[in-house]
Amino acid sequence: MTNPTPNPTPAPTATPQTPAQPERKKTRVIMIGATVVVIGGLVWYGSGSHDKAAKADTGKPKAVTVETTRVTRMDMPQYLEGLGTVQAFNTVTVNTRVDGQLQKIGFTEGQTVNRGDVLAQIDPRPNQAALLLAQANKAKDEAQLANAKRDLARYQLLEPQQLTSKQTLDAQRATVAQLAAQVQADQAAVDNAKTQLDYTTITSPITGRTGIRLVDVGNMVHSTDTTGIVVVTQMQPISLIFTLPEEALSQVNQALEKGKVPVAALARDGSKILDQGTLALVDNQINQTSGTIKLKATFGNSHLQLWPGQFINARLLLQVHQQALTIPDSAAQRGPNGMFTYVLKPDSTVEARPIKVGIDTGKVMVVESGLTEGEQVVTNNQYRLQPGSSVKVKDAKKDKAPHAKDDASADKAGAAS
């Protein structure tokens, strides 16, 4: 018996490639190449246009829009400013000078009182009794003195006839002198009693404004009390104590030699002048710790704008520079070689002009050299400029030195002072 022959495994056969597949691959490659060519062309065209535009812009630089103002002449006051405190001319704590019960209050809190006005009344009866007693003692001693004088006159009549001894006459003379001295002592006691009685009526020693009442009616008050009855503060005139750097001392002394030095009291924010006064004195020593000097100014305070203890900005007028060349602070620039400003030229370009500046008020500064009256200087956009830059002036019609108006109020204040 023969074994059956196993069936052989069939070999894989290759799938035949159709003619359409190579055509699809070829079409895809052509499309990708065309897309790359188009994109490259667009990029090249765009970059070329940008370069042309950049070249056009480089060839014609754009003018910078700026604002300008003219260099003008005006009177410029020179100030020194410092912080100070308002201080009353006189402040009095009204106390009693005798002991007793407070019977009456003669003022209203916050009232303005004149010198001599009654502020309080203390029970006067004990002092009235003391006055009557002193007057009675004086009357008694005056009667004894009168009798002693009559006796002395009698003894003097009898002395030539030797009807009285010399010892008796001398003793009577001594008695008269003793009683006369006693009458003088009685008069002093009477005067003292009158003074103590006057002290029971408490009057204002100064003209000023009363504060808060410190004691009520019915309380016992004593001459040893330290709290007092009320505090009276003189408000008109009033003082301002302020400080300046010690470097300003020579300038202030020079101004004092020329006459009165005006001082303005300003609100803390500097927006309002509260009152105008004059410098009264410069302290006689410099504070070595702070390097400052104290000054005292006097103000009429007619409108009660200044109050004791109030913090005030003091502005002292040193001098007024007549018809000085001025520009606004915004026109001045600081460079590596010092201060300069951009000056507008007739061809609408700018020139960087070095300048030397003097006093500066914070809004306007004095130009000592480098500019002439009437020239136009740039006040904004300087960071976009360089020498020779083309500019376009904004609102040329309004270009009439607006900075002259900024300090008009300061000039008027200096002139009024």
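## Contacts, salt bridges and helix packing in a predicted model

Leaving out residues up to four places away in sequence, Thr-379 touches Glu-67, Thr-68, Thr-69, Pro-328, Ser-330 and Ala-331, where contact means heavy atoms within 4.5 Å. Thr-379 sits in the loop between strand S22 (376–378) and strand S23 (391–393). Helices (H or I, at least four residues) and strands (E, at least two) are DSSP runs, numbered from the N terminus. The relative accessibility of Thr-379 is 16%, so the residue counts as buried. Buried means under 20% relative accessible area, exposed over 50%, and partly exposed in between, with a 1.4 Å probe and protein chains only.

This is a predicted model, in which local features need pLDDT of at least 70 and side-chain atom pairs count only at pLDDT 80 or more, while totals for chains, interfaces and linings use all residues. Residues are numbered from 1 along each chain as its sequence is written, and side-chain values use heavy atoms, with hydrogens and water left out.

### Overall make-up

The secondary structure of the protein comes to six helices and 23 strands. The protein has 417 residues, of which 33% count as buried. Among contacts between residues at least 6 apart in sequence, 77% join residues at least 24 apart.

### Salt bridges

Side chains of opposite charge can pair when their charged atoms come close. The structure holds nine salt bridges, a salt bridge being a side-chain nitrogen of Lys or Arg within 4 Å of a carboxyl oxygen of Asp or Glu.

| Glu-373 | Arg-73 | 3.3 Å |

The salt bridge of Glu-373 with Arg-73 links distant parts of the chain, 300 residues apart: Glu-373 is in the loop between strand S21 (364–369) and S22, and Arg-73 is in strand S3 (residues 72–88). Arg-73 has a relative accessible area of 41% and is therefore partly exposed.

Arg-154 and Asp-151 both belong to helix H2 (residues 125–158), where they are three residues apart, about one turn of the helix. Arg-154, at 46% relative accessibility, counts as partly exposed. Asp-151, at 21%, also counts as partly exposed.

### Packing of H2 and H3

H2 and helix H3 (residues 166–199) pack at an angle of about 160°, and their axes are 8 Å apart. This angle makes H2 roughly antiparallel to H3. Axes are lines fitted to C-alpha atoms, for helices over the stretch in contact, and angles run from 0 to 180 degrees between N-to-C directions. Angles under 35 degrees count as roughly parallel, over 145 as roughly antiparallel, 65 to 115 as roughly perpendicular and the rest as oblique.

The crossing of H2 past H3 is left-handed, a term used if the near helix is turned anticlockwise from the far one by less than a right angle; clockwise is right-handed. In the contact of H2 with H3, the residues divide into 16 nonpolar, twelve polar and eight charged. Here Ala, Val, Leu, Ile, Met, Phe, Trp, Tyr, Cys and Pro count as nonpolar, Asp, Glu, Lys and Arg as charged, and the others, Gly among them, as polar.

### Loops and backbone geometry

Most residues other than glycine have a negative phi, and most peptide bonds are trans. Gln-236 and Pro-237 are joined by a cis peptide bond, with omega about -5°. Pro-237 lies in the loop between strand S11 (230–233) and strand S12 (238–245). The C-alpha atoms of Pro-237 and Asn-90 are separated by 9.6 Å, although the two residues are 147 residues apart along the chain.

Asn-90 is in the loop between S3 and strand S4 (91–94). With 36% relative accessibility, Asn-90 counts as partly exposed. Apart from its neighbours within four places in sequence, Asn-90 is in contact with Ile-206, Val-232, Thr-233 and Gln-234.

Ser-348 is not a glycine but has a positive phi of about 65°. Ser-348 occupies the loop between strand S18 (338–344) and strand S19 (350–354), and counts as partly exposed at 36% relative accessibility. Asn-381, not a glycine either, has a positive phi of about 60°. Asn-381 is placed in the loop between S22 and S23, and Thr-379 is found in the loop between S22 and S23.
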